[in-house]
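Please read it beside the sequence and the 3D view.

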Amino acid sequence: MESFLQIRREARDINQRDGITGILAFGEGRFMQILEGDQETVSQTYARIVLDSRHHSCKLIQFTFCPERFFEGWTMRHLTVQKEMLEEIEFFEEFQPHLWSAERCLSFALKYTVWARQNRPESSSELTIA
Ligand SMILES: Cc1cc2nc3c(=O)[nH]c(=O)nc-3n(C[C@H](O)[C@H](O)[C@H](O)COP(=O)(O)O)c2cc1C
(Lines give C-alpha, C1' and ligand atoms only; values in the text may rest on other atoms or scores of the structure.)
Protein backbone atom coordinates (compact mmCIF):
# COMPACT_ATOMS: atom_id res chain seq x y z
CA MET A 1 0.00 0.00 0.00
CA GLU A 2 1.19 3.51 -0.76
CA SER A 3 2.13 5.61 2.20
CA PHE A 4 -0.33 7.67 4.17
CA LEU A 5 1.78 10.67 3.15
CA GLN A 6 1.15 10.08 -0.57
CA ILE A 7 -2.58 9.55 -0.09
CA ARG A 8 -3.02 12.71 1.88
CA ARG A 9 -0.94 14.80 -0.53
CA GLU A 10 -3.06 13.61 -3.41
CA ALA A 11 -6.26 14.18 -1.42
CA ARG A 12 -5.21 17.67 -0.40
CA ASP A 13 -4.43 18.76 -3.95
CA ILE A 14 -7.70 17.49 -5.41
CA ASN A 15 -9.73 18.78 -2.47
CA GLN A 16 -8.23 22.23 -2.80
CA ARG A 17 -9.29 22.25 -6.45
CA ASP A 18 -12.79 20.97 -5.57
CA GLY A 19 -13.50 23.06 -2.48
CA ILE A 20 -13.59 20.01 -0.20
CA THR A 21 -12.47 20.30 3.43
CA GLY A 22 -12.21 17.74 6.21
CA ILE A 23 -10.04 15.39 8.16
CA LEU A 24 -8.32 12.08 7.43
CA ALA A 25 -7.24 10.02 10.41
CA PHE A 26 -5.18 6.84 10.25
CA GLY A 27 -4.51 4.41 13.05
CA GLU A 28 -4.46 0.68 13.77
CA GLY A 29 -4.75 -0.04 10.05
CA ARG A 30 -7.93 2.02 9.69
CA PHE A 31 -8.84 5.31 8.10
CA MET A 32 -11.56 7.64 9.31
CA GLN A 33 -12.44 10.52 7.03
CA ILE A 34 -14.81 13.48 7.13
CA LEU A 35 -15.51 15.25 3.83
CA GLU A 36 -17.28 18.61 3.62
CA GLY A 37 -18.37 20.47 0.53
CA ASP A 38 -21.31 20.82 -1.78
CA GLN A 39 -23.45 17.71 -2.01
CA GLU A 40 -22.54 16.69 -5.53
CA THR A 41 -18.79 17.22 -5.10
CA VAL A 42 -18.76 15.26 -1.84
CA SER A 43 -20.69 12.40 -3.54
CA GLN A 44 -18.25 12.33 -6.46
CA THR A 45 -15.23 12.40 -4.16
CA TYR A 46 -16.64 9.61 -2.02
CA ALA A 47 -17.41 7.54 -5.12
CA ARG A 48 -13.75 7.81 -6.20
CA ILE A 49 -12.48 6.93 -2.73
CA VAL A 50 -14.70 3.82 -2.48
CA LEU A 51 -13.27 2.52 -5.77
CA ASP A 52 -9.66 3.08 -4.67
CA SER A 53 -7.89 -0.28 -4.39
CA ARG A 54 -5.44 1.07 -1.79
CA HIS A 55 -8.01 0.31 0.87
CA HIS A 56 -11.04 -1.95 1.32
CA SER A 57 -14.20 -2.45 3.37
CA CYS A 58 -15.21 1.20 3.09
CA LYS A 59 -18.19 2.07 5.31
CA LEU A 60 -20.31 5.21 5.01
CA ILE A 61 -21.22 6.31 8.54
CA GLN A 62 -23.34 9.35 7.69
CA PHE A 63 -24.14 11.61 4.75
CA THR A 64 -25.92 14.67 5.97
CA PHE A 65 -26.60 18.37 5.45
CA CYS A 66 -24.61 20.76 7.66
CA PRO A 67 -25.37 24.48 7.78
CA GLU A 68 -21.66 25.25 7.98
CA ARG A 69 -18.29 23.54 7.79
CA PHE A 70 -16.51 22.26 10.89
CA PHE A 71 -13.12 22.13 9.15
CA GLU A 72 -13.16 25.35 7.16
CA GLY A 73 -9.70 25.96 5.73
CA TRP A 74 -8.51 22.35 6.05
CA THR A 75 -8.18 20.82 2.58
CA MET A 76 -7.59 17.51 4.38
CA ARG A 77 -6.23 17.71 7.88
CA HIS A 78 -4.33 14.52 8.53
CA LEU A 79 -3.88 12.76 11.78
CA THR A 80 -1.91 9.69 12.75
CA VAL A 81 -3.72 8.28 15.76
CA GLN A 82 -1.55 7.44 18.75
CA LYS A 83 -2.62 5.94 22.04
CA GLU A 84 -1.05 8.78 24.04
CA MET A 85 -3.08 11.32 22.07
CA LEU A 86 -6.31 9.34 22.50
CA GLU A 87 -5.80 9.43 26.26
CA GLU A 88 -5.03 13.13 26.26
CA ILE A 89 -8.26 13.94 24.47
CA GLU A 90 -10.08 11.50 26.79
CA PHE A 91 -10.96 8.81 24.27
CA PHE A 92 -10.17 5.84 26.47
CA GLU A 93 -10.75 3.19 23.85
CA GLU A 94 -9.31 1.65 20.72
CA PHE A 95 -9.47 3.62 17.47
CA GLN A 96 -12.49 1.79 16.01
CA PRO A 97 -14.36 4.41 13.98
CA HIS A 98 -16.24 1.71 12.05
CA LEU A 99 -18.05 0.97 15.33
CA TRP A 100 -18.64 4.61 16.32
CA SER A 101 -21.70 6.73 15.65
CA ALA A 102 -21.38 9.75 13.35
CA GLU A 103 -21.58 12.00 16.44
CA ARG A 104 -18.70 10.17 18.07
CA CYS A 105 -16.56 10.39 14.90
CA LEU A 106 -17.20 14.13 14.70
CA SER A 107 -16.56 14.63 18.39
CA PHE A 108 -13.26 12.75 18.04
CA ALA A 109 -12.21 14.86 15.03
CA LEU A 110 -13.10 18.14 16.76
CA LYS A 111 -11.36 17.20 20.00
CA TYR A 112 -8.33 16.20 18.01
CA THR A 113 -8.12 19.48 16.10
CA VAL A 114 -8.33 21.48 19.34
CA TRP A 115 -5.62 19.27 20.87
CA ALA A 116 -3.41 19.55 17.78
CA ARG A 117 -3.61 23.35 17.77
CA GLN A 118 -2.35 23.38 21.36
CA ASN A 119 0.19 20.57 21.12
CA ARG A 120 1.36 20.44 17.53
CA PRO A 121 1.68 24.04 16.42
CA GLU A 122 4.10 22.95 13.68
CA SER A 123 1.25 21.20 11.84
CA SER A 124 -0.42 24.56 11.39
CA SER A 125 1.59 24.78 8.15
CA GLU A 126 -1.04 22.39 6.81
CA LEU A 127 -3.71 25.02 7.24
CA THR A 128 -4.70 26.52 3.93
CA ILE A 129 -6.41 29.85 4.25
CA ALA A 130 -9.26 29.83 1.77
C1 LIG B 1 -8.10 6.67 2.59
C2 LIG B 1 -8.17 7.49 1.34
C3 LIG B 1 -8.64 8.79 1.40
C4 LIG B 1 -8.71 9.57 0.24
N5 LIG B 1 -9.20 10.83 0.34
C6 LIG B 1 -9.36 11.57 -0.78
C7 LIG B 1 -9.93 12.87 -0.72
O8 LIG B 1 -10.25 13.41 0.34
N9 LIG B 1 -10.10 13.53 -1.88
C10 LIG B 1 -9.76 13.01 -3.09
O11 LIG B 1 -9.97 13.66 -4.11
N12 LIG B 1 -9.18 11.79 -3.17
C13 LIG B 1 -8.97 11.06 -2.06
N14 LIG B 1 -8.39 9.82 -2.12
C15 LIG B 1 -7.87 9.38 -3.44
C16 LIG B 1 -8.99 8.87 -4.31
O17 LIG B 1 -9.30 7.55 -3.95
C18 LIG B 1 -8.54 8.91 -5.80
O19 LIG B 1 -7.35 8.20 -5.98
C20 LIG B 1 -8.34 10.34 -6.27
O21 LIG B 1 -9.45 11.13 -5.95
C22 LIG B 1 -8.08 10.42 -7.79
O23 LIG B 1 -9.14 9.84 -8.46
P24 LIG B 1 -8.95 9.29 -9.96
O25 LIG B 1 -7.79 8.33 -9.90
O26 LIG B 1 -10.25 8.62 -10.27
O27 LIG B 1 -8.67 10.48 -10.78
C28 LIG B 1 -8.29 9.03 -1.00
C29 LIG B 1 -7.81 7.71 -1.05
C30 LIG B 1 -7.73 6.95 0.10
C31 LIG B 1 -7.21 5.55 0.03
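Which residues are buried in α1? They are Ile-7, Ala-11 and Asn-15. The model is a predicted one.

**Helix α1**
- Viewed down the axis of α1, the buried residues lie within an arc of 55 degrees, so they line one face of the helix.
- These buried residues pack against β1, which covers residues 21-27.
- Leu-5, Gln-6, Asp-13 and Arg-17 are exposed on the other side of α1.
- The 15 residues of α1 should span 21 Å at 1.5 Å a residue, and this agrees with its end C-alpha atoms, which are 21 Å apart.
- Gly-19 follows α1 and has a positive phi, near 70 degrees.

**Arg-8**
- Arg-8 belongs to α1, which runs over residues 4-18.
- Arg-8 counts as partly exposed because 19 other C-beta atoms lie within 10 Å, whereas a buried residue needs 20 or more.
- Leaving aside residues up to four places away in sequence, Arg-8 touches Leu-24, Met-76 and His-78.
- From Arg-8 to Phe-70 the separation is 62 residues in sequence and 19 Å in space, C-alpha to C-alpha.

**Ligand surroundings**
- The ligand is surrounded by 16 residues, of which the closest are Ala-11, Ile-14, Phe-31, Arg-48 and Asp-52.
- Two or more residues of this shell come from each of α1, β2 (30-36) and α2 (39-51).
- With 5 residues, α1 gives the most to the shell around the ligand.
- By type, the shell residues are 8 nonpolar, 4 polar and 4 charged.

Terms used:
Residues are numbered from 1 along each chain as its sequence is written. This is a predicted model: local features need pLDDT of at least 70, side-chain atom pairs count only at pLDDT 80 or more; totals for chains, interfaces and linings use all residues. Helices (H or I, at least four residues) and strands (E, at least two) are DSSP runs, numbered from the N terminus. A residue is buried if 20 or more other C-beta atoms lie within 10 Å of its own, exposed if 12 or fewer, and partly exposed in between; C-beta atoms are placed from the backbone. Two residues are in contact if their C-beta atoms, placed from the backbone, lie within 7 Å. A residue is near a molecule or strand if its C-beta atom, placed from the backbone, lies within 6 Å of it. Ala, Val, Leu, Ile, Met, Phe, Trp, Tyr, Cys and Pro count as nonpolar, Asp, Glu, Lys and Arg as charged, and the others, Gly among them, as polar. The expected span of a helix is 1.5 Å times one less than its number of residues. The arc is that of the directions from the helix axis to the C-beta atoms.
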